Amino acid sequence: MKASLFVTCIADLMYADVGKSVVQVLRRNGVELDFPEGQTCCGQPAFSSGYYKETAIVAKKMIEVFENSEKVVIPSGSCAAMIHHGYPILFENDPKWKKRAEEFVAKSYEFSQFIVDILGITDVGATFKKKVTYHSSCHMTRILGVEEQPKILLKNVKGIDFIELPYAFDCCGFGGTFSMKMADISSAIVDEKVDNIIATGADVLVGSDLTCLMNIGGRLSRRGVPMQVMHLAQVLDQGGGKNAY
Amino acid sequence: MHIEPSFRKRYHKALSDTAMLKAVKNGTGRLRGQRATAIEAVGTERWMAFRDRAEAIRLHVIQHLDQYLDQLINNVLKNGGHVCLAKTGEEAVKYISDLAKKKNAKTILKSKSMVSEEIHLNPALEKQGCNVIESDLGEWIIQLAGETPSHIIAPAMHKNRFQVADLFNAVSEEKIPTEIADLCGFARKYLREKFLGIDIGITGCNFALADSGAITLCTNEGNARIISALSPTLVTIMGMERILPGLEELTVMLSLLARSATGQKLTVYNTLSTGVRNEEELDGPQEFHLVIVDNGRSKQLGTKYEKILNCIRCGSCLNACPVYRNIGGHAYGWVYPGPIGAVLSPLYQGMDKYGELAYATTLCGACTFACPVKIPLHDMLYALRNDKVELEKTGGVVEDITYKGWSATFATMSRYRFSVRMARRFQFPLVKAEKIAYGPPPISDWLRHRDMPALPDKFFHEIWPEMDNDRKE
């Protein structure tokens, strides 16, 4: 199957290893992947701050960049949700772009959603002998409606010890600019999350949204908690055989 | 109660009040746990169908609000009641104050009414010499404390039993133990006596039924029922949107309200009152006044925020909200806290005063999913932020510059790649052990609580060509 990778700005700029793992996992599972030039950001930061006009400029560019893609895979629940839920709002009063946005929406998938729902694969052949817990990010579950797919994939990793996170659906407190604008409230919220994570006794925290992971990981590290933080793709890339490239 | 005008100062005060935060976390935790159990018992699918039905009922009422108001008013008048349609809070307060004067009322007993809090009724009545007593346990507690409600259905959620005991001891002749049963026992005894000397009773309104003019009151303490039975003059205050067509719709809403609010199948006391007593009846008021308050509601009709009028004030979105759970209700500043307050306050009271509340949210969407009548609360929070940028022409100086620059950079690949490479090259003075150690605001705000990784040696778009070439070879 052919698909295009929309790596997202956060993975591109701060977590290139996650991008690498996404490529590895997808290729190993038979996906012919390309990386369309010109991709930058889905526009979520500006959209969440109310700057719809500025968002639309970048969103139009992304729609153009992926115009010829058959499927688009996005290793981020909230970026995928931005396209699915935000783009139609952005182009509400612009029928021409609304139609193009809808076409983009129809072929865009979050990483785990693509593997489970489109490839029909629930075991990617990874091995990872660690105790892990999983943070369900808000926009991925509530807006995009992707809840079980990442957990199905995780539970089928050989050797993994999967522990459910208490209050997994509670927000981690990131909220984009909220984490800086109202940093003290945000910090109180992430502390609840961190306490729940620690209570699981897991060695590794796994998630599908790098911004949530940056927030939770940043707090874990500041509190001196020795816990590994990984994107789902990085776990699925473990012990999966030879490099796929 | 003095309310600090700066939201920032209000929430900082809240963040340092550990007793309050503990009480709020306990309270919200209990309520949302009970709600989850109740929904589990119903089954998620049926619950979703329930919500769809409730949403449809509320949307229908709001879209035909003029007709239903007309029907309601006619039926209340037919039943022998009086009606005041108040455009503003001041008008409503004046009507009730004048009535109290006319009746020479000394003792006024109230059951819980958020609208009465919204229009600041108690201070106005007290100013003219009335003794106003709140008969809802939570409302009475905060009345003794001289505070406002911090939660829509549990107004004293922010207080623990020790604080409540202190408040009760201030009005009690004998010392009351801090056990909850003793505290409730004292409140019952104290308030029971007050019910016997009511001049005017004031209640809120959960739902007014248009087809009969009946007022529905839901309480777990039975206080509203006693007031509606024992008051010679009864006043009911309602927001103008709190109407249902009739009993059939009420059954849906009652089971949804109780489950969403507290996880109960039904609130303990559900009273329907048509106002003035009939000749053959022994109790019930001799005079009934329905005060219907607009106060910013009608201006939402026909706007993208119209669905906010669906709200049945169950408080479920508060319990679901991570921000509410971590700052409590008072920090929001106006009478309605949490996500519903963050939307209502700027809409009813103005963006200039409460616009900041639209940013007091992580946009996690938990509120929207907790809402029994499916108000898209978090979409409205986005819309309010967009309104600020579009209508006020600014979302803040820093934001304006940031996002204009962002769109100019991120819409063009070469500019994007150039600027991120420049950022990586010049980040070195800020980096220590692969982490960002210092930064200007707003990065410094992030760094106060959390670490942040430095930009890596290679961006993904620099690695991709290698991965792609290896593949092709």
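Select strands β1 (residues 2-5) and β3 (residues 72-74) of chain A in this predicted model. The two strands run parallel and are paired through two bridges. Within this pairing, L5(A) lies opposite V73(A) of β3(A).

Four strands of chain A form an open sheet in the order β2-β1-β3-β4, with parallel pairing. At its edges are β2 (32-34) and β4 (108-110) of chain A, each of which pairs on one side only. From one strand to the next, the twist averages 35°.

**Chain B as a whole**

Turn now to chain B and display its secondary structure. Chain B holds 22 helices and 12 strands. Along the principal axes, its C-alpha atoms fill a box of roughly 95 × 55 × 45 Å. Chain B has 473 residues, of which 47% count as buried. Among contacts in chain B with a separation of 6 or more, 71% are between residues 24 or more positions apart.

**A mixed sheet in chain B**

Select β8, β5, β6 and β9 of chain B. In that order, these four strands make an open sheet with mixed pairing. The edge strands, each pairing on one side only, are β8 (243-244) and β9 (269-273) of chain B. Focus next on β5 (residues 207-209) of chain B, which runs parallel to β8(B) and is joined to that strand by two bridges. L209(B) has L244(B) of β8(B) as its bridge partner.

**The surroundings of A92(B)**

Centre the view on A92(B), a residue of helix α5 (residues 89-102) of chain B. Is A92(B) buried or exposed? A92(B) counts as buried because it has 26 C-beta neighbours inside 10 Å, and the cut-off for a buried residue is 20 or more. Leaving aside residues up to four places away in sequence, A92(B) touches C84(B), A86(B), I119(B), I237(B), V291(B) and V293(B).

**A helix pair in chain B**

Select helices α15 (residues 338-349) and α18 (residues 377-391) of chain B. The axes of these helices are 10 Å apart, and the helices pack at an angle of about 40°. The pair α15(B) and α18(B) is therefore oblique, and its crossing is left-handed. Show the side chains at the contact: α15(B) contributes P339(B), I340(B), A342(B), V343(B) and P346(B), while α18(B) contributes L377(B), M380(B), L381(B) and L384(B). By class, this contact has nine nonpolar residues, no polar residues and no charged residues.

**The interface with chain A**

Finally, display both chains and select the residues where they meet. Here, 52 residues of chain B are in contact with 50 residues of chain A. On the side of chain B, the elements that give two or more residues are α1 (7-15), α14 (322-327), α17 (366-370), α18, α19 (397-410), α20 (413-425), α21 (443-447) and α22 (460-472). Colouring the side of chain B that touches chain A by class gives 31 nonpolar, 10 polar and 11 charged residues.

Methods:
Residues are numbered from 1 along each chain as its sequence is written. Chains are lettered from A and ligands numbered from 1 in the order in which they are written. This is a predicted model: local features need pLDDT of at least 70, side-chain atom pairs count only at pLDDT 80 or more; totals for chains, interfaces and linings use all residues. Two strands pair if DSSP finds at least two bridges between them. A residue is buried if 20 or more other C-beta atoms lie within 10 Å of its own, exposed if 12 or fewer, and partly exposed in between; C-beta atoms are placed from the backbone. Two residues are in contact if their C-beta atoms, placed from the backbone, lie within 7 Å. Axes are lines fitted to C-alpha atoms, for helices over the stretch in contact, and angles run from 0 to 180 degrees between N-to-C directions. Angles under 35 degrees count as roughly parallel, over 145 as roughly antiparallel, 65 to 115 as roughly perpendicular and the rest as oblique. A crossing is left-handed if the near helix is turned anticlockwise from the far one by less than a right angle, and right-handed if clockwise. Ala, Val, Leu, Ile, Met, Phe, Trp, Tyr, Cys and Pro count as nonpolar, Asp, Glu, Lys and Arg as charged, and the others, Gly among them, as polar.
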